[in-house]
Amino acid sequence: MSNPPKILAFAGSTRTASYNKMLVKVAATGARNAGAEVTYIDLRDFPMPLFDEDLEAAEGLPDNVLKFKELMIAHQGLLIASPEYNSSITAVLKNAIDWASRPQPSEAGLAAFNNKVAAIMSASPGGLGGMRGLANLRSLLENINVMVIPDQKAIPQAFQAFNPDGTLKDAKQQEAVQHLGGKLAGILAKLSA
């Protein structure tokens, strides 16, 4: 591909041994295999205070928010793996999205999200694999101008789903998650053609 699509991949978890960090890396492999340029980031490397409009008014956007937004703006696609906390998404993911939605004076509203295409997935110790949280994430992203592809993947019993190297034990699940990343790369390539 002469001008490969750029995809930003991250999980809505800061835990070192996060199942969702492993999951999004599997999808990232699929996107790379399909010709995309993928940047994986860990939200732990971008600590952000809780969103506070008074803080924003007094100090502007925090440095890590600006770095995160710059990365989002520089990529056309998003691969997001989100744990499910109490039937919804994690606080760290929601907070990052809320901060990234704040415009700089020279920016259009929702500059970090406009014209983005996303693929979402989850891994959870529970039997539904985080499916309820994905419904919340899909709704949130679609309401801020992100096109979320219909395909998604939820991995149940995540505590026993992964090999030590981060791949999925079930070959069909591994293939499906890689296919999800590949599908996002393919859609982005068609949109930019």
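At what angle do helix H4 (residues 91–100) and helix H5 (residues 131–143) pack, and how far apart are their axes? In this predicted model, the two helices pack at an angle of about 5 degrees, and their axes lie 12 Å apart. Because angles under 35 degrees count as roughly parallel, H4 is roughly parallel to H5. H4 contributes Leu93, Lys94 and Ile97 to the contact, while H5 contributes Leu137, Leu140 and Leu141. Five of these contact residues are nonpolar, none is polar and one is charged.

Helix H1 spans residues 19–33, which makes 15 residues. From first C-alpha to last, H1 reaches 22 Å, close to the 21 Å expected at 1.5 Å a residue. Its buried residues are Asn20, Lys21, Leu23, Val24, Val26, Ala27, Ala28, Gly30 and Ala31. These buried residues pack against strands E1 (6–11), E2 (37–40), E3 (77–81), E4 (117–123) and E5 (147–155), and against helix H6 (171–192). After H1 comes glycine 35, with a positive phi near 100 degrees.

Lysine 21, one of the buried residues of H1, is joined through its side chain to that of aspartate 42 by a polar contact. Aspartate 42 is found in the loop between E2 and helix H2 (53–59). With a relative accessible area of 16%, aspartate 42 is buried. Beyond residues up to four places away in sequence, aspartate 42 touches Ser13, Thr14 and Lys21.

| Side chain | Partner | Distance |
|---|---|---|
| Aspartate 42 | Lysine 21, side chain | 2.7 Å |

Methods: Residues numbered from 1 in each chain as written. Predicted model: local features only at pLDDT ≥ 70, side-chain atom pairs only at ≥ 80, totals over all residues. Heavy atoms only, no water. Helix = DSSP H or I, 4+ residues; strand = E, 2+ residues; numbered from the N terminus. Expected span 1.5 Å × (residues − 1). Buried < 20%, exposed > 50% of the residue type's maximum accessible area, 1.4 Å probe, protein only. Contact = heavy atoms within 4.5 Å. Axes fitted to C-alpha atoms, helices over the stretch in contact; angles between N-to-C directions. Parallel < 35°, antiparallel > 145°, perpendicular 65-115°, else oblique. Nonpolar A, V, L, I, M, F, W, Y, C, P; charged D, E, K, R; others polar. Polar contact = N/O pair within 3.5 Å; in protein donor to acceptor, adjacent residues only side chain to side chain.
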